[in-house]
Amino acid sequence: MHSIWAWIGFNLFVILMLAVDLGLFHRTAHRVKMSEAAVWSAVWVTLAIIFGIGVHHFIGPRAGLEYFTGYLIEKALSVDNIFVFVVIFSYFKVPPEYQHRVLFWGVLGALVMRGIMIAAGVVLIREFSWILYVFGAFLIFTGIKMAFQSEHSVDPSHNPVLRLIRRIMPVTDEYHGPRFSTKRPIKGKLRRAATPMLVVLAVVESTDVVFAVDSIPAIFAITQDPFIVYTSNIFAILGLRALYFLLAGSVEKFHYLRYGLSAVLVFVGIKMVVAKFLHVPIGLSLGVVGGLLAISVVASLMHSRRHESEHTNTDRSVLSDDSSDSAP
């Protein structure tokens, strides 16, 4: 059990960084450029690595390996969120300058929800050790399902949270700047109404809960240390906004990533199921997870490059044919 001061210090650091992010660098709504996203991605990854080195030094080498393995898994699985965010923002036609605001509050809500879910998972594991087998079986099932499902087919209009909000309060048809609600005359009275920004935020939050159901059991396959589980998860989520703006325009290039994520989920699920009979060293787990993700990313980039090359050759062929037909 880690010192209460470690928990307080980490959470104060998170609050400080979020305050700096929103209050200093994103006080005014603006379109986040790729260069800005790259800098912030590098900042969050660097901070995560520095923290992991601190864990290795102050808590121990095993804890350090557990942290980095957990962080890598959570970071990889968070990339899958990006595919869905692209669909959601496109469906609701969210102006680019307001997307960071939605993701900021979405991440803030995700931090709270993940903390609650991690705490619940720790309690369940301590009270019912057999729940690990349930988690493992669930991850294996989810991994296999991910490998065979269609390419991120998401329809935000079917989200139950969207229907719930529309039942509770009226929703305006247009955006009112970065505001989540506004007042408008309804039946002769000025009433509070939700803007599409609030609807998008609610859909993003509910989507993250669904993803957390996969990702949190996955990290419990690596460690049951609440501090390691929590900090690795939080660092992965904190860098999600910058990663979205960095990769949103090129998500289609990661054609084979879902197969890599699928293999990771199946691996950690099997690791969880056989843990009582077969010990898999944490260093080996880190290597397997990193290797599977690296293979899927490299294969995706090769596929994308080959596809672009074929498309370019086709265009050249068409131009050549056109020029031959127009020749006298």
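The entries go from method to core, then to spaces and rings.

**Method.** I worked on a predicted model, where local features need pLDDT of at least 70 and side-chain atom pairs count only at pLDDT 80 or more, while totals for chains, interfaces and linings use all residues. Residues are numbered from 1 along each chain as its sequence is written, and side-chain values use heavy atoms, with hydrogens and water left out.

**Core.** Buried means under 20% relative accessible area, exposed over 50%, and partly exposed in between, with a 1.4 Å probe and protein chains only. This core has 87 residues, and the members touching the most others are Ile73, Phe92, Leu111, Val200, Phe220, Leu238 and Val268. I then listed the contacts (heavy atoms within 4.5 Å) of Ile73. Beyond its neighbours within four places in sequence, Ile73 meets Ala218, Ile222, Val264, Val268 and Val289.

**Helix 9.** Helices here are DSSP runs (H or I, at least four residues), numbered from the N terminus. I checked helix 9 (residues 240-247), which is largely enclosed by the rest of the structure because seven of its eight residues are buried. The buried ones are Leu240, Arg241, Ala242, Leu243, Tyr244, Phe245 and Leu247.

**Second largest pocket.** On a 1 Å grid over the protein atoms alone, a pocket is an open set of points with protein on both sides within 12 Å along at least five of seven lines, a cavity is a set where a 1.4 Å probe fits but cannot get out, and lining residues have an atom within 4 Å of a point. Grid points are joined across faces, edges and corners, and a volume is the space filled by probe spheres set on the points. I read about 310 Å³ for the second largest pocket. Its lining includes Tyr71, Lys75, Leu243, Leu247 and Leu293. Helix 3 (61-91), helix 9 and helix 11 (282-326) each give two or more residues to this lining, and helix 3 gives the most, with five. By class I noted eleven nonpolar, no polar and one charged residues; Ala, Val, Leu, Ile, Met, Phe, Trp, Tyr, Cys and Pro count as nonpolar, Asp, Glu, Lys and Arg as charged, and the others, Gly among them, as polar.

**Cavities.** I found three cavities of 30 Å³ or more. The largest cavity has a volume of about 100 Å³. It is lined by 13 residues, with Leu77, Ser78, Asn81, Phe211 and Ser215 closest to its centre. Helix 3 supplies the largest share of this lining, five residues. The classes are six nonpolar, three polar and four charged.

**Rings.** Rings of Phe, Tyr and Trp (its six-membered ring) pair if their centres lie within 6.5 Å, with planes under 30 degrees apart counted as stacked, over 60 as edge-to-face and the rest as tilted. I searched the whole structure and got 21 aromatic pairs. Trp7 and Phe227 are edge-to-face, at 5.3 Å centre to centre and 80 degrees between the planes. Trp7 lies in helix 1 (residues 4-25) and Phe227 in helix 8, so this pair ties together parts 220 residues apart in sequence. Trp7 counts as partly exposed at 21% relative accessibility, whereas Phe227 counts as buried at 5%.

Key. Core = buried A, V, L, I, M, F, W, Y, C linked by side-chain atoms within 4.5 Å.
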